[in-house]
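The sequence and the structure come first, and the description follows.

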Amino acid sequence: MLSSTVFILFALAFLLASLGFWQMGRTDVARAYVIPMLIAGTLILILGLGLFFLSQARLTGFPAAYSADPAGFLTAEIARADKVLNDYRIAVYRIFPVIIALCAVLIPFLAGPIWRASLITTIAALAVALVVDTNADARLQAYRAQLSLAGASG
């Protein structure tokens, strides 16, 4: 739930930045940020809202699933946590940094304002994802450890 809220807040910041560049941008470079920031903000907003609603749906089913089969619930949650942790290991710690590095390398070679604005906005959006997902990864590892302890004691 924390990650979805933070994604939504960053999305609003990107959308407000886009609006600011649109309203107050006087140079070609400033105006070039309008569309990339709008796209990044919209995508991050979709991500945050999707996480929020999926989490809400999952959380409402926890009490019933746990009361019906506590051992099965713990096993399923541990498997889900392991899958998500593996996804973080691949996407957040491997793919995102490569894309950020590629964008950073391309900035000096692509001289047009829209290219530079798009590359810089991509770096910013992925940096947001890195920050939020690194925090989520740490929280999920702690959750996974609690599930393991609960499974071992139960």
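Ser4 is buried, since its relative accessible area is 2%; buried means under 20% relative accessible area, exposed over 50%, and partly exposed in between (1.4 Å probe, protein chains only). The model is a predicted one, in which local features need pLDDT of at least 70, side-chain atom pairs count only at pLDDT 80 or more, and totals for chains, interfaces and linings use all residues. Residues are numbered from 1 along each chain as its sequence is written, and side-chain values use heavy atoms, with hydrogens and water left out.

Ser4 sits in helix H1; helices (H or I, at least four residues) are DSSP runs, numbered from the N terminus. Leaving aside residues up to four places away in sequence, Ser4 is in contact with Gly48, Leu51 and Phe52, where contact means heavy atoms within 4.5 Å.

Ser3 is also part of helix H1. Is Ser3 buried or exposed? With a relative accessibility of 11%, Ser3 counts as buried. Its contacts, again not counting residues up to four places away in sequence, are Val132, Ala136 and Arg139. With Arg139 there is a polar contact between the two side chains, at 2.6 Å. A polar contact is a pair of N or O atoms within 3.5 Å; within protein, one must be able to donate a hydrogen and the other to accept it, and residues adjacent in sequence count only if both atoms are side-chain atoms.

Phe10 belongs to helix H1 too, and its relative accessibility of 32% makes Phe10 partly exposed.

**Helix pairs**

H1 spans residues 2-24 and H3 spans residues 34-68; their axes come within 8 Å and cross at roughly 160 degrees. Axes are lines fitted to C-alpha atoms, for helices over the stretch in contact, and angles run from 0 to 180 degrees between N-to-C directions. H1 and H3 are therefore roughly antiparallel to each other. Angles under 35 degrees count as roughly parallel, over 145 as roughly antiparallel, 65 to 115 as roughly perpendicular and the rest as oblique. The residues where H1 meets H3 comprise 18 nonpolar, 5 polar and no charged. In this scheme Ala, Val, Leu, Ile, Met, Phe, Trp, Tyr, Cys and Pro are nonpolar, Asp, Glu, Lys and Arg are charged, and the others, Gly among them, are polar.

H3 also packs against helix H4 (residues 70-106), with axes that come within 6 Å and cross at roughly 135 degrees. H3 and H4 are therefore oblique to each other. On the H3 side, the residues that meet H4 include Arg58, Phe62 and Tyr66, and on the H4 side they include Phe73, Glu77 and Arg80. By class, this contact of H3 with H4 has 6 nonpolar, 1 polar and 3 charged residues.

Leu147 lies in helix H5 and is buried, with a relative accessible area of 6%. Beyond residues up to four places away in sequence, Leu147 touches Leu74, Glu77 and Ile78. Gly151 is placed in helix H5 (residues 113-153) as well, and at 41% relative accessibility Gly151 counts as partly exposed.

The table lists residue pairs that are separated in sequence, with their C-alpha distances.

| Pair | Separation in sequence | C-alpha to C-alpha distance |
|---|---|---|
| Leu147 and Phe73 | 74 residues | 9.8 Å |
| Gly151 and Ala65 | 86 residues | 15 Å |
| Phe10 and Asn135 | 125 residues | 15 Å |

How values were computed: Helices (H or I, at least four residues) and strands (E, at least two) are DSSP runs, numbered from the N terminus.
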